Number of protein chains: 2
Amino acid sequence: MRRNPLIGSWAVIAPERANRPADRRVSTQRSSPAACPFCPGNEASTGQEIARLPDPNGLHAWGLRVFPNRYPAFRIEETPRSRAAGPYDMQAAVGAHEVFVETPLHDHPATATRMVELRNVFRAWRERVRDLQRDDRIAHCVVFKNEGVLAGATLEHPHSQLIALPVVPTSLVTECTNAREHYACHGRCLVCDMVDWERSQRERVVLESADAVAFMPWASRVAFETWIVPTRHASHFERDADAKLAAVADMTLRVLVRLEASIPQLAYNLLVATAPMRDAERADYHWHIRILPSVSRQAGFEWASGCHINTTAPEAAAAWLRDLDVAEPLP
Amino acid sequence: MRRNPLIGSWAVIAPERANRPADRRVSTQRSSPAACPFCPGNEASTGQEIARLPDPNGLHAWGLRVFPNRYPAFRIEETPRSRAAGPYDMQAAVGAHEVFVETPLHDHPATATRMVELRNVFRAWRERVRDLQRDDRIAHCVVFKNEGVLAGATLEHPHSQLIALPVVPTSLVTECTNAREHYACHGRCLVCDMVDWERSQRERVVLESADAVAFMPWASRVAFETWIVPTRHASHFERDADAKLAAVADMTLRVLVRLEASIPQLAYNLLVATAPMRDAERADYHWHIRILPSVSRQAGFEWASGCHINTTAPEAAAAWLRDLDVAEPLP
């Protein structure tokens, strides 16, 4: 990991990842399940299994598998090292890079997914973060999902990833600073304030339940950006109990069903926003899920300014999803 | 412009930009010059011309044209307004959004470009920034170029853009903070330190001249990321004289020729990194050009962490470009 002190963010230099099976730029063809390393029958072609969960549909030998990424950006075998390199900083990329195959089914859209399946995925994420937390060289775990070639997925079989890092990533440090300043100024959690305001305004709320709310933030960076937030304040995803994870998982699936029905060939990035793993419970940070559909590329203006140009107002996008007539997912 | 206080960056909500001619996701086909609004003969289909330069080759009525973007993200006609929106901030998108058609030729790769042509582009950028500076509602101008569909270009005729903003963009605020801290600590400009270190290490330097150096930063975020830096310290691009701009323009073109020869169907973002327009000359900020080839998409990990995974070591990329046997551009 190398840090540019002017920009303030880390780059992971990982030439071995250039050998991944699919070049994300090249192919939009569907691959065949027989050749898919994530399909049942090809288990031997993945890394050593870390965990598995049974198939809730009782049809396959497993319902979810976790194993190390074959082309890891971070490795548990590295020795922690930090040094200067001229004006730059260097850190050994100590950590972990794990893959969660979320279903035995190669083609498995959100519309065909049961709530219990995504609940299992959320629980599997949580258990892996809890396990990795025992390694004190790891400062934070980033959980994310790339769905579709446009979102940067190299394999189409539904899967998510966890990257454990030796540092708290730059953007989370910035968010914590902003959240802390808001709390110091107002005595309230910033995300709680955002939820309160979006619920009072209503026009950007997509779905609500007793325990979770899905809304498109007033300052959405991309079209159909959606945040799914537990209504009761809690700073750490991995410390929450089954029931609360389930409420957020269910609402996430209901949002994904609506996005799939709205955007042809939906591609998206999903991420878990959560407080730095080693922090004590924080009154100023509030975990949630963010879904960012891949509708436009980062171009020169975004690189130069950190600003985003979003051609779809969140009010219009939220109204669209709210008014959709879709079948709710099965339990 | 709406600001998410947790993330700290601005989103421009611009639904009218959804009407642009090409959907950047859809088409990789070449368009025909007859249908291109930037080609000679179609001048009436662009906005009112702001500036033009003669064709250095003497073949066409003009060599470069500047006019307002037809689908502007910022407008000079807006009235400055700033207000709170719940926990968020709002600013009217006062500013300007201009297009620079860099050549009358629809197909005009870097390998066919003369140095005088890119020098003219740099000068045109500078003159537009100087002119817009007279409007005191504008806080900063971002100059950038998207080349190729993968880089977010909606039209293929070579062009660059200028966006004038009512705020200093978030990422530049961060860079200035980092640069100021480095200067406070060491009494030296951070970019000068980076240049000194890269020149002493040599392995990431692509090209050098008396007045400019091109190198791949030690912490390159994407494969073949290249910075072109004037060797003499200066904080503002738009305050530099012709000779210094020309030295950086010439080296930029020499780098682009090498990138074109190395990467099939090269797409890239280019941007001018320069100190906030209203600041007095700064000892801690040093203007330069950044080229970011479009080789991978921003995916979930990048959204979640602000970190980048780069599968090509800058040492390998710089050696590749250095060792290329290519014809140098004509004067």
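Two strands count as paired if DSSP finds at least two bridges between them. The model described here is predicted.

In E6(A), A:Met90 is the bridge partner of A:Arg2. The strands concerned are E1 (residues 2–3) and E6 (residues 88–91), both of chain A. They pair in the antiparallel sense, over two bridges. Both belong to an open sheet of five strands. Its order is E5(A)-E6(A)-E1(A)-E2(A)-E15(B), and the pairing is mixed. Strand E5 (82–85) of chain A and strand E15 (308–310) of chain B stand at the edges. Each has a single partner strand, so one side of each is left without a neighbour in the sheet.

Strands also pair from chain A to chain B. Strand E15 (residues 308–310) of chain A runs parallel to strand E2 (residues 10–13) of chain B, and three bridges join them. Here A:His308 has B:Ala11 in E2(B) as its bridge partner.

| Strand pair | Sense | Bridges | A bridge partner pair |
|---|---|---|---|
| E1 (residues 2–3) of chain A, E6 (residues 88–91) of chain A | antiparallel | two | A:Arg2 and A:Met90 |
| E15 (residues 308–310) of chain A, E2 (residues 10–13) of chain B | parallel | three | A:His308 and B:Ala11 |

**The interface**

How many residues does each chain bring to the contact? Chain A gives 82 residues and chain B gives 82 residues. Between them the chains bury about 7,200 Å², with 67% of it on carbon and sulfur atoms.

Two salt bridges are counted between chain A and chain B. In one salt bridge, the side chains of A:Arg2 and B:Glu315 meet at 2.9 Å, N to O. A:Arg2 is also the residue bridged to A:Met90 in the sheet. Across the interface there are 29 residue pairs in polar contact. The side of chain A that touches chain B has 47 nonpolar, 22 polar and 13 charged residues.

**Symmetry**

A rotation of 180° superposes chain A on chain B, with 0.0 Å of shift along its axis and an RMSD of 0.0 Å. That is the relation of a two-fold axis. Of the interface residues of chain A, 100% are also interface residues in chain B, so the copies meet through the same surface.

**A loop residue**

A:Arg20 lies in the loop between strand E2 (10–13) and strand E3 (51–53) of chain A. Which residues does A:Arg20 contact, leaving aside its neighbours within four places in sequence? They are A:Tyr71 and A:Thr154. A:Tyr71 is 51 residues apart from A:Arg20 along the chain, yet their C-alpha atoms are separated by 6.6 Å.

Note on methods:
Residues are numbered from 1 along each chain as its sequence is written. Chains are lettered from A and ligands numbered from 1 in the order in which they are written. This is a predicted model: local features need pLDDT of at least 70, side-chain atom pairs count only at pLDDT 80 or more; totals for chains, interfaces and linings use all residues. Side-chain values use heavy atoms; hydrogens and water are left out. Contact means heavy atoms within 4.5 Å. Buried area is the accessible area (1.4 Å probe) that two parts lose on being put together, summed over both. A salt bridge is a side-chain nitrogen of Lys or Arg within 4 Å of a carboxyl oxygen of Asp or Glu. A polar contact is a pair of N or O atoms within 3.5 Å; within protein, one must be able to donate a hydrogen and the other to accept it, and residues adjacent in sequence count only if both atoms are side-chain atoms. Ala, Val, Leu, Ile, Met, Phe, Trp, Tyr, Cys and Pro count as nonpolar, Asp, Glu, Lys and Arg as charged, and the others, Gly among them, as polar. Helices (H or I, at least four residues) and strands (E, at least two) are DSSP runs, numbered from the N terminus. Copies are superposed by least squares on the C-alpha atoms of residues with pLDDT of at least 70 in both.
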